[in-house]
Amino acid sequence: MSEQKKILDQFMSLYNRPTYEEMSSVTGIQVTRCFRLVNGAEMKLKEYLIFKKLISDKVASESLITLAESCLVSLNETALKEIADLCERKLFFKHLSTESHLIEKQA
Amino acid sequence: MNKVMMLERAVLESIGAGNKTAQRISDDIGLTLTWVKSILFQLQSKGVIGFDGYSYSFMNKEKLSEINSEDNVKYEIKEITNSMIESYFAKNPKVGMKLQKVNMTDSEAEIFKTMLQNLENFISDLRTRKRQSKTSNQQVIFWGSTTYQSLLGDFIRNNC
């Protein structure tokens, strides 16, 4: 149970203390079930994995944002351009990939 | 400037060898038809290629020289070498790569220079021969050398 509490506390803090409705919308877990979990009902494995994934996604994206902010402050124009080019190309590749999946679905 | 990715360049190289349908481009470069269509759509929207209802062809020479600009060539080399490095360390048996740091005397450096020149001549000669072969069957080769000192100096200059 202490592990469950830890995970819920972490989730609440990372997602800015969401309401039960917001929690339900982010996790896909019903509102009444969210209420029960926060009030001590035992978490199922599936629910545990959902919270765990949302926490790790949030931590990863926030650390990337922090890193990007540090880069903007510290790196020179050439280094920033290199990073920007790489991001742009990764995004363009993702765009191509999404488009190719759409074409596949339409076919 | 129009930035061109390695995937787009492969499609352009295929069209460069002769106007083709999407299916023929797919066969030529070894990518699935859906990927090829997605790339063709991008190239069309950039105004690089056109479609006459049957096959794809280059639109204008101005765009072509933009595609071959120094910046785009630099990007292509970066993408190719990056991709090769990733594949090599992922233990892809089709990828061979060597990077060595060695000391050379002046005469050894001369021998090395001559060997590189021979290699370059051999490859230039291969490029002049017209062959009926798929774009995807081409071998991708790169070589080059520099002094460690110059490499370290450039690294510091580019990142300071």
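Modeller: Helices here are DSSP runs of H or I with at least four residues, strands are runs of E with at least two, and both are numbered from the N terminus. The model is predicted, so local features need pLDDT of at least 70 and side-chain atom pairs pLDDT 80 or more, while totals for chains, interfaces and linings use all residues. Residues count from 1 along each chain as written, chains are lettered from A and ligands numbered from 1 in written order, and side-chain values use heavy atoms, without hydrogens and water.

Biologist: Which helices of chain B line the largest pocket?

Modeller: H1 (6-16), H2 (22-29), H5 (70-89) and H6 (106-128) of chain B each supply at least two residues. H5(B) gives the most, with eight.

Biologist: What makes a space a pocket?

Modeller: The grid has 1 Å spacing over the protein atoms alone, and a 1.4 Å probe must fit. A pocket is an open set of points with protein on both sides within 12 Å along at least five of seven lines; a lining residue has an atom within 4 Å of a point. Volume is the space filled by probe spheres set on the points, which are joined across faces, edges and corners. The largest pocket holds about 2,800 Å³. Its lining has 48 residues, and among the closest to its centre are B:Glu13 and B:Gln138.

Biologist: Why is the largest pocket said to lie between two domains of chain B?

Modeller: Domain 1 (1-93) and domain 2 (98-159) both give residues to its lining, so the pocket lies between them. The bounds come from an automatic or database domain assignment.

Biologist: Why is the pair of A:Phe11 and A:Phe51 called edge-to-face?

Modeller: Rings of Phe, Tyr and Trp (its six-membered ring) pair if their centres lie within 6.5 Å; planes under 30 degrees apart are stacked, over 60 edge-to-face, the rest tilted. Six pairs pass over all chains. A:Phe11 and A:Phe51 have centres 5.0 Å apart and planes at 90°, so the pair is edge-to-face. A:Phe11 is in H1 (2-14) and A:Phe51 in H4 (45-74) of chain A, 40 residues apart.

Biologist: Is A:Phe11 buried or exposed?

Modeller: Buried means under 20% relative accessible area, exposed over 50%, partly exposed in between (1.4 Å probe, protein chains only). A:Phe11 has 0%, so it is buried. A:Phe51 is also at 0%, hence buried.

Biologist: How do you know that the charge of A:Lys58 sits over A:Tyr15?

Modeller: The rule wants NZ of Lys or CZ of Arg within 6 Å of the ring centre and within 35 degrees of the ring normal. A:Lys58 has its charged end over the ring, 4.7 Å from the centre.
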